[in-house]
Amino acid sequence: MAANLEMVGFEYPASDPLQVTVSDIQNFCSAIGDRVPAFAKTVSAPPTFAISLIMQAMTYAMNDPRLNLDYARVVHADQKFEHSRSIVAGDVLTVQLTVADIKNKMGNDFVTFVSKIFDAKNNLVTTSSSLLVARTEA
Amino acid sequence: MTMNLQLLNVGDNLTLLQYRVKRADLIKYAGASLDFNPIHYSDRIATSVGLPGVIAHGMHTMGAVARVITDHLPASAFISSYSTKFSNPVVVPDDDAGALVSVNATVTAKEANSMFFSIETSCGDQKVLSQTKLTVNFS
């Protein structure tokens with residue numbers, strides 16, 4: 001089973017606007033053992049919080065039959081975030097996911113998803129690049 | 001104890017961060033991150049795909065590890081860049097101790113408004129993350 005190379009460059013439709021709440025950030029902080037921001041004026045999210053916004057789009061893409069990725073064998077190999085500011089509670093964000101690259105090597109699929117997160121003013125807040133590898137069956 | 005990051009120089013190390021990750025943390029993380037891959041809660045499924053047992057989400061580790069810096073971050077600063085490769089899984093046993101992860105960060109460069117760090121993360125004698133780099137923006 002090999003991923004479909006013709007999907008390189010494919011842009012998924014932007015997500016519906018996602019409202020970031022104080023409790024979303026608190027739950028995420030609690031799960032990574034971070035200080036839970038409770039009383040700050042502005043509750044800002046830790047740098048990897050963006051993944052919780054991206055995960056829905058990425059899970060959809062990983063299961064997209066057009067991409068033909070063996071989801072059960074996917075491991076996360078590499079992750080990069082670039083932020084122009086912290087995500088904060090109250091943000092209304094949309095996620096735009098693109099299949100940036102696919103390579104088949106030795107029967108393994110290397111798929112790079114690039115996700116851009118925009119705020120309500122359409123400013124780019126976060127660019128995330130995720131390299132996923134679907135390992136071949138040994 | 002919080003450190004003033006901007007007083008550090010190139011080559012300085014931050015306070016060592018050690019944390020334990022238990023099965024319950026992975027359940028919480030699955031809910032908070034929407035990553036419900038069963039290899040992070042089911043030994044049956046984890047072993048069926050060749051893993052030694054339930055493993056932590058790579059993104060859980062990446063998130064927890066950033067605390068080595070963010071625990072010292074002033075409110076006006078933010079993380080402008082954070083990247084890593086996932087080199088070995090953190091295997092999380094079904095017991096009360098969990099897995100112990102150790103995190104070391106070093107200042108690699110300084111600019112007017114930015115500081116650059118490299119981070120080393122290990123669990124037991126294995127490096128779990130590699131080429132981990134983080135940039136703080138103070139502007």
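Between them, chain B and chain A bury about 2,500 Å², of which 54% lies on carbon and sulfur atoms. The structure is a predicted model, and the values that follow are computed from its atoms. The size of an interface is often expressed in this way, as the accessible area that is lost when the parts come together. In terms of residues, the contact draws 27 from chain A and 26 from chain B.

Polar interactions across this interface were examined next. Between chain B and chain A, 11 residue pairs are in polar contact, counted where both residues have pLDDT 80 or more. On the side of chain B that touches chain A, at least two residues each are supplied by α1 (23–33), α3, α4 (67–70) and β2 (78–86) of chain B. The largest share of that side comes from β2(B), which provides nine residues. When the residues on this side of chain B are sorted by class, 12 are nonpolar, eight are polar and six are charged. One salt bridge is found by the rule across the interface of chain B and chain A; in the salt bridge between Lys85(B) and Asp78(A), the closest N and O atoms are 2.8 Å apart.

The two chains were also described by their secondary structure and extent. Chain A contains two helices and five strands, arranged from the N terminus on in the order β-α-α-β-β-β-β, and its C-alpha trace spans about 50 × 30 × 20 Å along the principal axes. Chain B contains four helices and five strands, and its elements run β-α-α-α-α-β-β-β-β from the N terminus on. Taken along the principal axes, the C-alpha atoms of chain B fill a box of roughly 50 × 30 × 25 Å.

Empty space in the model was then considered, since rolling a probe the size of a water molecule over the atoms shows where such space is left. The second largest pocket has a volume of about 560 Å³. This pocket is lined by 30 residues, and those closest to its centre are Val75(A) and His76(A) together with His40(B), Ile55(B) and Gly58(B). Elements of both chains contribute to the lining of the second largest pocket, with at least two residues supplied by each of α2 (50–62) and β2 (74–83) of chain A and by each of α3 (58–65) and β5 (126–137) of chain B. By class, the lining of this pocket comprises 20 nonpolar residues, nine polar residues and one charged residue.

Notes: Residues numbered from 1 in each chain as written. Chains lettered and ligands numbered in written order. Predicted model: local features only at pLDDT ≥ 70, side-chain atom pairs only at ≥ 80, totals over all residues. Heavy atoms only, no water. 1 Å grid on protein atoms, 1.4 Å probe; cavity = no way out; pocket = protein on both sides within 12 Å on 5 of 7 lines; lining within 4 Å. Points joined across faces, edges and corners; volume = space filled by probe spheres on them. Nonpolar A, V, L, I, M, F, W, Y, C, P; charged D, E, K, R; others polar. Contact = heavy atoms within 4.5 Å. Buried area = accessible area lost by both parts, 1.4 Å probe. Salt bridge = Lys/Arg side-chain N within 4 Å of Asp/Glu carboxyl O. Polar contact = N/O pair within 3.5 Å; in protein donor to acceptor, adjacent residues only side chain to side chain.
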